[in-house]
Every structure is written in structure tokens, then in C-alpha cells.
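Opening the notebook on this one.

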Amino acid sequence: MEETLASLNTRIIQRKKQRNRLIRFNKLPLEIASNILWLSVVDPWKRKIAFSFIQRLRTILSVCSSWRVLVEGSPQFWSIIEFSSPQAAISHLLKKSKSSPLEIKCFSDGDYKCAPGPELDRLQRIAATITYLNLIVPQSHRVRSLILSTLMTHGVLALFEKPAPLLEELNLSFAHCTLVQPLDLFCGQAGRLKDVSLENIPVRWDSEVLVGLRSLKIEGRLKYSPTMVQVRRLVEANPELEKMVIEDVTVSEGFKQEMVEFTQSGKWSPVIMKKMRELKLFSLPFDLVEAVLGNIEVPSIEHFNLKGLFQGLPADRLWSDNLKHMAPPILNRRSKGAELAEITLGKGSVRLSIHLPGHGNPPIQIQFSNVGGGVSGIEWLAEKFLREDGFPAVAAQEIFQVSLTFGDSFDMGGRAFVPFLDQLRAVKVKSLTIGRGCKHGEELIKYLGEVQEGFQWPLPHLMSLTVSGRAEMATHLSTALQHRKPDVPTEDPATAQRPVPLEVLNIEGLGGVERKVEKALAKHISSSGTFIRASRRSLTFWGGHGDDWEELDEDDEDENM
């Protein structure tokens, strides 16, 4: 009986092997089959798979014996090293991968975690990372990708002091950096490097590894500051950059003088970056922003995001002829009249966002802080981006639908908003928001109901108005809207251009407004418009004039009886 069972088992195994050989995948040439399996394991789609590489590899190995033989004999399947694996597994992977280029991963990104396990305490995670790095150091010559996000910089110097001739991707991020002197990574020998992201680690901007890059991100939070010569060297060495992000980098007190001397030397010309598609400059000193923008010329770009510290300096210092080519390629792809420009004004800050059809994010975003009331910043933005006779030298009032927001403790006392509205007179401001944190907002409300010099109405194209603040503002709002109504006569009807009717009026942010005042306000919008009430109950949306409003009034009368 036992012999019969053994014979049957043998025949079953043979039949399974014959069946597996009939599968079309197993008839493919070994090289093609290997590449298909490799792509199913490496997850080339930006690491969207939640489970680890080791888990994926085990799944492939368990499918059938032919796949297992194929994977076992291919070193590339063992070349991805994740620090979430045990030390013995990492040693095994390094041995099995032979001479294949390595991908080193130590980070946590949402569901995907390849750093030392959460079951370890802080010191244990640091110790494990150091141990794993020591295993990688002798293999630095075959590291193709290094993604390292850890708590401390302990143990990294030994790796950075070795050449990395195959390195193509470098992503370093440290919560706490103990390094003081700026590094020249990999002895300056990483000739294939294309994509670099450095966060909280001091690296020389003139390092030989930062040459010929495709993308570059430098996030500071360190005392180390680049010199003007290093800034120039960085842009000169990377004319093929497609994306550059610089954030939280400081400069020394002598940087400004260096920049002056460098400019006066006259021995330089702007670096033309033909492939630049995205440029982000965040939380940078004014002098550093000026140095970067003054040394490059960008013929075409898709995203420009600038958040800088103005520090009371004149806005026109930031602009140069080299940047005038940056935005027209975006605006020339417009569908006329569909663009939206958002301008937000706060206490000492100004932000501009330009939205274009087909873009998920605003392709142009500019924000300045410490602008001394914002006048300098808004004048610069209006002159360079919005006025017909300014940048980008197109009929801006026919392109942009401007959304204007006053908030963040912006003080309208003494009508401080007038310079902003004067600068925006050439464009169609179709949306206006007076935020809850805005001071003396009633001054702007009154201003909207006053005919200005030359019988011009403020913001005549305004179609949407959102107001927050004290209940008393509702009275001023009712008066202003009454004056702006198309059927109200003016001193000179022949020359005064009447404002367009409001389509949206939102007073949700006004607390304690009486129902009679709300009803009066609702009469000042178009018959098809939308009125969003400052209801003491749940928020009520009401469009047009109908029975619903009357019923609410009757309910209120009943409640007051």
C-alpha cells in the first residue's frame, strides 16, 4: 500500500510539472520571464504597494518550482535592501545579489515602511540603522539608489566617504543632524547621479556630486549657509535641471556683500535652463531668492512657487529681465477668460496664485512675508503679472478672473486697502472675501458703495462677495449694495459704468444679523443669485426670492411673540 501511494505521489508531481510547462508564461525566454517577474516585485510605480519587498519576493518564490529556480538564479531579485528586514536577511540579500546594483531603502511613507521596526525603542532603532549601514559600506561601489530617512546621522559618514560610481538616486533626510562641517559626498565621485533630495544635512553647494542633475531639493534647517560663489556654481553645474526646490536655507551676514561684488565683477551671464518645469523657493531670505533668480533664465516652466521673506526690501529688486520669459509659456496655453488669479493679503504678507485649466495645482504661486503692510509686494505682483502694460505683456483684464481676499489681521483702518485696489483697477476682480480676522472691514464695505474720481465704481466686475465680522457690518453692506444697484441713478449716468449684479452673497461669518436685515440684503443680488445666510440655526442656502424665505420670517415672528 505504501509503495502504491509513493508511486502515485511521484506521478502527481510529474503531472504537475508537465502542466506547469504548458503554461504560456513558462514558455517565454528566460530573460523576458525574468524581467516580467522583476517588474512585478520592484514596484516601479512610486512604491504604492504597502507590503515589503521581502514579502513580495516570498510570494513569487512560492508560486511554483520553475519561478523559484528562475528567481534563485537571478541576482537582481536580491538587490533591494530594506532596513525593516532582520540583519541575517540583509546579509543574505547582499550575498545573493552578487555584483548587481543595489537599492537601499530606509524610510516610512504612509503604509509603506522599510525602516527598523516600530517594536524597537528609539535607541534600538538607531543602533539597528548603524549596524545595517556598516553592512552596506563595503558595497558602496554598487549602490544605485539610496533612500535614507533616519532619526540621527550616526553611522552615515563611513558610507559618504566612499565613492558611489553607480549612484543615480539620492534621498537623505535626518530628524537630528550632528554634522557640523558641510560634506563633499562620496568623495565627489558619483558621476551617474541624477535625482537628489537633501533634508537637514549640510552639503557643499559646490560639491562635485551636485553636477548634471535632473532634480534637486535642498531643505535646510541648519546653520550652514552657502556662499554666493557656491550658488553660482550650483546653477552653472546643472543647466539640465527639470525641478529645483530650495527651502529653509539661511545665508550669512556677508552674503549680500558677496552678491554685490559678484555682480559688479561683470564676469557672468545667466544660466539658461531650457528643461526647467518646476521651481520652488520656500522660506528663504530675500538675498538668496534674488541670487538664485538673478543667475538663471527660464524659457518655459509649468510650476513656479515662491514663498520668501521680504524684510521690508523693495519688491522690484527681486525681478530681473532674466525671469520675464518664465510665465508666458503657461499663459499662452490659456483658454481665454478661464484663468483665475487669487490674491490674499494679510498683515505684512501677500500671496498670488494663478490657476489655469488642466492644472491640478496652481502653476504660479508667489507669497511674501514681512512686506511692511504688503504695499510693495502687491504693487510688484500687479505690475509684473496683472496689469495690461506689465508682465506678461498681454491683456490681463481679459484673461484673469481675480479673487481678492483680505484676512490674517489685515488692518483696513484709514482705508489702507486703497493702494491695492488702485493697482488692480485694470483687472476684473470677480470675487472678494473679507476674512474674520480682518480689522476695520466696514471701511472697505463703505468704499464699495462710493463712486470714485472719474465716476468709476470700485470693483465694477464683482460678482461674489463673502463678508465675516461683527453684525454691524451688515448695515454698511446693505447701504453699499443699495448704492451699487444698476437702477439707482448717479450724478452722471452717461459716464458712470454701473457695477454688475452680485451673483453670490455670503454673510455666514456675520454673527447675530437680524432676519429683516438679511432679507434686505438678499434683494441686492440677481434674481438667479445665491444668498448664504448668517443663520442662528444650521446654515441655509437660498437662491432667488420665494416662499421659503417668507416662511422663515413667519417662524421668527411666532418665536418672538
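**Start of the chain**

I began with Met1, which sits in the segment before helix 1 (2–22); helices (H or I, at least four residues) and strands (E, at least two) are DSSP runs, numbered from the N terminus. This is a predicted model, where local features need pLDDT of at least 70, side-chain atom pairs count only at pLDDT 80 or more, and totals for chains, interfaces and linings use all residues. Residues are numbered from 1 along each chain as its sequence is written, and side-chain values use heavy atoms, with hydrogens and water left out.

Met1 is exposed at 77% relative accessible area (exposed is over 50%, buried under 20%, partly exposed in between; 1.4 Å probe, protein chains only).

**Ring pairs**

I found two aromatic pairs (ring centres of Phe, Tyr or Trp, its six-membered ring, within 6.5 Å; planes under 30 degrees apart are stacked, over 60 edge-to-face, the rest tilted). Phe83 and Tyr132 pair edge-to-face, at 5.3 Å centre to centre and 75 degrees between planes. Phe83 is in the loop between strand 1 (80–82) and helix 5 (87–96) and Tyr132 is in helix 6 (residues 122–136), so the pair ties together parts 49 residues apart in sequence. Phe83 is buried at 1% relative accessibility, and Tyr132 is buried at 10%.

Phe160 and Phe186 are edge-to-face too, because their ring centres are 5.7 Å apart and their planes at 85 degrees.

**Helix 15**

Which residues of helix 15 are buried? I noted Met473, Ala474, Leu477, Ser478, Ala480, Leu481 and Arg484.
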